[in-house]
Amino acid sequence: MKIALVQMSSQPDRAHNLAEAARLMREAMIGSPDLIVLPEHFDWLGGTVADKRRAADRVPGGDAYVLVQQFAKDNAVWVHAGSLMERRGQDHRVYNTTVVFNAKGEQVGLYRKIHLFDITAPDGKTYSESAAVAPGRDLFIYEVDGHRIGCAICYDLRFSRLFDRLAEEEVDIFVLPAAFTQQTGQAHWEVLCRARAIEFQAYFAACGQCGSYAMPDGELRWTFGHSMVCDPWGRIVARAENDVCVLAVEIDPARLPEVRRLIPMAEHRVLLADRQVRLSPATKPRR
């Protein structure tokens, strides 16, 4: 199975971003991929809370949705449409949403980001995703050529229970569109991607934003790039740098059962949700 990760440098400019997405997807088709993956916020990155709400589009029927849907149909290729800003209802409620299209241009499902990025980075920059975006609830898995693919988005990467739940459904490939910050990416991107592949013995395909974008006050914010694919042993089989590019990789289906036979974690995994935790007499409860 061939996967093409499209690493972009999206801006608070929808027309620019959609033109770039179309150009890079056409470039990706040179390698005849089975699946193209776009990054988080391929349609819009940056802006104020009000800008984000205005930029959010309809699913189905919005500009970004239609562009990717038509590309998948015209080129007979599956597209994992990174994430786009999705407006639902009349209350300006916005979701950070992955939409997946099959090679006929049909929507096979969607995933709305569950864990929202509300942090203050080491450099003092504040990120408040929940000011504009509502969290999703449900997980989503789809299948391409016999490979089960589980969806996550960016900050979800830090929450292993999400991947544990997907692994219970025998997922073969995790796909993670992202827009990791430069600081957190340098510290944690590679180690977390490799850890998830090792923990759950699956391929991990992480497709990032790169470069910088300007906030309304002129401040530049930098994303980490370095899109990568890790195999179930945690080995990096393909990696980009921090520039706009297409990263093509071929998944070796034999690697999955090989690693799972070497260390049969699925057989050994114990469900702990119903286990009682006992505290020593000197240990005080924190709740």
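In this predicted model, helix α1 (residues 14-28) lies across β1 (2-7), β2 (35-37), β3 and β16, and runs at about 150° to β1; helix α3 (residues 63-75) lies across β2, β3, β4 and β5, at about 160° to β3. Helices (H or I, at least four residues) and strands (E, at least two) are DSSP runs numbered from the N terminus, and angles, from 0 to 180 degrees, are taken between the N-to-C directions of axes fitted to C-alpha atoms, for helices over the stretch in contact. Residues are numbered from 1 along each chain as its sequence is written. Local features need pLDDT of at least 70 and side-chain atom pairs pLDDT 80 or more, whereas totals for chains, interfaces and linings use all residues, and side-chain values use heavy atoms, without hydrogens and water.

The open sheet comprises six strands in the order β5-β4-β3-β2-β1-β16, with mixed pairing, where strands pair if DSSP finds at least two bridges between them. Because β5 (107-112) and β16 (245-250), at the edges, each have a single partner strand, one side of each is left without a neighbour in the sheet. The twist averages 30° from one strand to the next. Strands β3 (residues 78-88) and β4 (residues 93-101) run antiparallel and are joined by eight bridges, with Arg93 in β4 as the bridge partner of Arg88.

Note on methods
Contact means heavy atoms within 4.5 Å.
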